Amino acid sequence: MKTIPTLLKDHLLDLVFPRTCPICGKIVLYLSSLACPTCYHKVQFVQKPTCVQCGKAIAFERQALCFSCQKQQHYYEKGISLLIYTEMMKNSIARFKYQGKQEYARWYAEEWIKHYFHLLLQYGIQAFLPVPLHPHKYKIRGFNQSESISHELSMLSKIPTYSQFLFRKQNTTPQKNLNPSQRKENLAEAFSVAKLPSSLHTIALVDDIYTTGSTVNACSLVLKKAGIQNIYVISICIGQDY
Ligand SMILES: [Zn+2]
Ligand SMILES: [Zn+2]
């Protein structure tokens, strides 16, 4: 519960720097929510049935795996995603990443926690590891969007974010010049892991969008080689299978 001085401070800050709705981008004047209620009712939360591997919405429960997971081997245990990557969310994520709306991370994390906090406890997640950004992109963007989301998740869940263990290297051969198996190897070589605490065995990798899963898969492979036993993948948006 926020104290009255904190509420007043928040309100004054809102007047000076109006908050914008993370969904439509317009100014919001509600004290109680970060998004406009009308927008909130328009976004599509991922609903069951979902792919048992990546967490994407699938048409039929008996299908178990989405089309992509039927073809691809995964090194992580399970993916949990919040929202379907609709046009609305594409615009939201674009403003978040490219137009300096870092504050959207709070809403993404709040909703993720609201829906799935129990799973963090059930899976025994010890830490969040944000998917590292390519150093070149980091230079341009000035922040890593996955790290921003991860920090907000940490604030809300009290589970720490460890950004210091998983790295992405500068120079990688362009994926377009390679065949599928070379691509997999090339991507795995793009990540490296620093010495991990010996007590760390169950983590959640955090990313903004889950598309093909190849990036989180490559991260999972190097983390498993480094001794992590259980890896869950947390994302804010994901496509759907139908
Ligand atoms: Zn809105
Ligand atoms: Zn899947």
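Here are a few questions and answers on the salt bridges in this predicted model.

Q: How many salt bridges does the model have?
A: The rule looks for a side-chain nitrogen of Lys or Arg within 4 Å of a carboxyl oxygen of Asp or Glu. Applied to this predicted model, that rule gives a count of 5.

Q: Which residue forms a salt bridge with E77, and how far apart are the parts that the pair ties together?
A: E77 pairs with K224, and their closest N and O atoms sit 2.3 Å apart. E77 is in the loop between α3 (67-71) and β1 (78-84), while K224 belongs to helix α9 (residues 214-225), so the bridge ties together parts whose separation in sequence is 147 residues.

Q: Is K224 buried, partly exposed or exposed?
A: Buried would need under 20% relative accessible area, and exposed over 50%. K224 has 29%, so by those cut-offs K224 is partly exposed.

Q: Where do E110 and R106 lie?
A: Their side chains meet in a salt bridge, at 3.9 Å from N to O. The two residues are 4 apart, about one turn of the helix, and both lie in helix α5 (residues 104-123).

Q: In the K114 and E111 salt bridge, which residue is buried?
A: The closest N and O atoms of this pair are 3.1 Å apart, and both residues lie in helix α5, 3 residues apart. K114 is exposed at 57% relative accessible area. At 4%, the buried residue is E111.

Q: Which residues are joined into one network by salt bridges that share partners?
A: R106 and E110 form a salt bridge with each other. Through shared partners, the network joins R106, E110 and E152.

Definitions and conventions. Residues numbered from 1 in each chain as written. Chains lettered and ligands numbered in written order. Predicted model: local features only at pLDDT ≥ 70, side-chain atom pairs only at ≥ 80, totals over all residues. Heavy atoms only, no water. Buried < 20%, exposed > 50% of the residue type's maximum accessible area, 1.4 Å probe, protein only.
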